[in-house]
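Please look through the sequence and the three-dimensional structure shown below before reading on. The explanation then takes the parts in turn.

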Amino acid sequence: MLSLDVIALPAEEDPRHWILYNVFTRTCLGVDSRAFAWLATPPSSEGDVLLIWNIGWFSNEEGTMADPTRFRRTVREWGEPKQVSYQAFIEACKKELLIIPDEATYRQRFTRKHSPVDGRHFGNFHDQIGAHLLMRMRAQPSSWWLKQKFTEDLSAIRSDNLYGQVQERFLRNYLPRRLNQGAEVLDLGCGIGFYSNFMAEQGCHVLGIDPNKDYIAIAKRQGLPGTHFEVRDIGKPGALDQLSDHSFDYVFIQDTLLFYFIPISHNDSPDLAILLSDLYRGLKPGGLLISIEPHPTYYLAPWLGNESTPFTIVTEHRQRRFSTVPTTAEFTNAILHGGFELKCIKDLYPDTSLSTRDCAFANEFPLWTLMEFAKPQA
Amino acid sequence: MSIKDSVLAYFSAKKSLSGSEQEKLACRYLDQGVIDSMGIVELMNHFEEQYEIRFEADDLQSDEFQSIGGLVKIIERLSGRK
């Protein structure tokens, strides 16, 4: 049976060709337009053939902020077609989950992977990228993550993707206005300390902590005066016990809290309540927790449509089969429950003068949200 | 040493495997914690180098790959020998 999750999109530059796309599994097939007739009724002659193209690829291998759509858009990129019989066409559709055996069996596959070699379950985005990196690219995820975000010498954020074009541009404008000279800042999940250094350049004293010892080694090597870095297994009991009470004016957290809601591995169980309790204790009264997290609705949503007038298809909100980000309500309520007050919420957009597909999409559908939460004065 | 013995020896060195040979071959080594997810890369590199083979993505994502006996069969198939 044809899956109800399938849509058809015209190929760019040549609308005689079509993309059959399962919006949940993000698998697809390029076909010529006779495929529609074949899906409705098998051809009468056994000798009839159809052209198909294998156009699927794991587009996020270029980065977490790369086009998440997973098909080649233009027929130019499709390569040579295969001439196939009706039976071979149906087999190709089954392989790409356009045709499914039955609804129940298919739906059972929408759970997290048990391991990177678990091909039976689709897994969420982190499961899928982990499996792709380890199994197909043979790359270590932590090294790959650095390469997709930073320049080769790790001294700057890449300007050729949305990290640079949206997040960094926003923070370079926002942080100097928000942070006071001489402020004490905790950069939680600091990675290699890029923003720790930037905040130190604004006159802050910054403690950067991260569970990844390789990242902290780089942070220490590149650290500017005013920064200090430590490895801490944040989210585990006791990890932040050494933080002094009421010692920070700001806690800065970027692309980190999502892992407390949807752990990166189904075996992990970091404890958000412990973390928030430590952060509350560590902040001075009136201090601010500043979080920038991926937008729960649009991060990793397919970039469909014309480049200048993009659209997307939202396939989930509450049930997180693919997404790795909690809903806005889940996220906000969890932090409010920790005793904080919500002060400000901003969606991040790129500079409107940029017109590439990624910026056009991000200009319509925000990929990050900033929230400021305050610890009450008394 | 046969491929089967070599694969069994590899996993036994990671964690003591109990039961008959048949039970050991049926062991789903990830589910039973013989190696963890990161150990898969080491496993792939080890057998690819030893037998001069290349696991394809379809092999790695197959159900067969997840048991010791299944892995033996994949290596036998790719290397063309037993």
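Predicted model: local features only at pLDDT ≥ 70, side-chain atom pairs only at ≥ 80, totals over all residues.

Residues are numbered from 1 along each chain as its sequence is written, chains are lettered from A and ligands numbered from 1 in the order in which they are written, and side-chain values use heavy atoms, with hydrogens and water left out.

We begin with a sheet of chain A. Helices (H or I, at least four residues) and strands (E, at least two) are DSSP runs, numbered from the N terminus, and two strands pair if DSSP finds at least two bridges between them. In chain A, five strands form an open sheet in the order 1-2-3-4-5, and the pairing is antiparallel. Strand 1 (6-10) and strand 5 of chain A are the edge strands, each of which pairs on one side only. From one strand to the next, the twist averages 30 degrees; axes are lines fitted to C-alpha atoms, for helices over the stretch in contact, and angles run from 0 to 180 degrees between N-to-C directions.

The individual pairings can now be followed across this sheet. Strand 2 (residues 17-22) of chain A is joined to strand 3 of chain A by six bridges, and the two run antiparallel. Here A:Y21 stands opposite A:C28 in strand 3 of chain A. Strand 3 (residues 27-32) of chain A in turn pairs with strand 4 (residues 50-53) of chain A in the antiparallel sense, over two bridges, and A:G30 stands opposite A:W53 in strand 4 of chain A. Three bridges then link strand 4 of chain A to strand 5 (residues 82-84) of chain A, again antiparallel, with A:L51 opposite A:Q83 in strand 5 of chain A. In a regular strand the side chains alternate between the two faces of the sheet.

Helix 2 (residues 86-95) of chain A lies across strand 3, strand 4 and strand 5 of chain A, at about 155 degrees to strand 3 of chain A; contact here means heavy atoms within 4.5 Å.

A salt bridge is a side-chain nitrogen of Lys or Arg within 4 Å of a carboxyl oxygen of Asp or Glu. One such bridge joins the side chains of A:D5 and A:R107 (3.1 Å, N to O). A:D5 lies in the segment before strand 1 of chain A and A:R107 in helix 3 (residues 103-108) of chain A, so this pair ties together parts that are 102 residues apart in sequence.

Another sheet of chain A is open and has seven strands in the order 8-7-6-9-10-14-13, with mixed pairing. Strand 8 (227-231) and strand 13 (341-348) of chain A stand at its edges with a single partner strand each, so one side of each is left without a neighbour in the sheet. The twist averages 15 degrees from one strand to the next. Within this sheet, strand 6 (residues 184-188) and strand 7 (residues 205-210) of chain A pair in the parallel sense over five bridges, and A:L207 in strand 7 of chain A is the bridge partner of A:L186. Helix 8 (residues 213-222) of chain A lies across strand 7 and strand 8 of chain A, running at about 160 degrees to strand 8 of chain A.

How much area do chain A and chain B bury between them? The value is about 1300 Å², with 54% of it on carbon and sulfur atoms; buried area is the accessible area (1.4 Å probe) that two parts lose on being put together, summed over both. In chain A, A:V117, A:M135 and A:R138 lose the most area to chain B, together 46% of what that side buries. Two salt bridges are counted between chain A and chain B, and the side chains of A:R120 and B:D63 meet in a salt bridge (2.9 Å, N to O).
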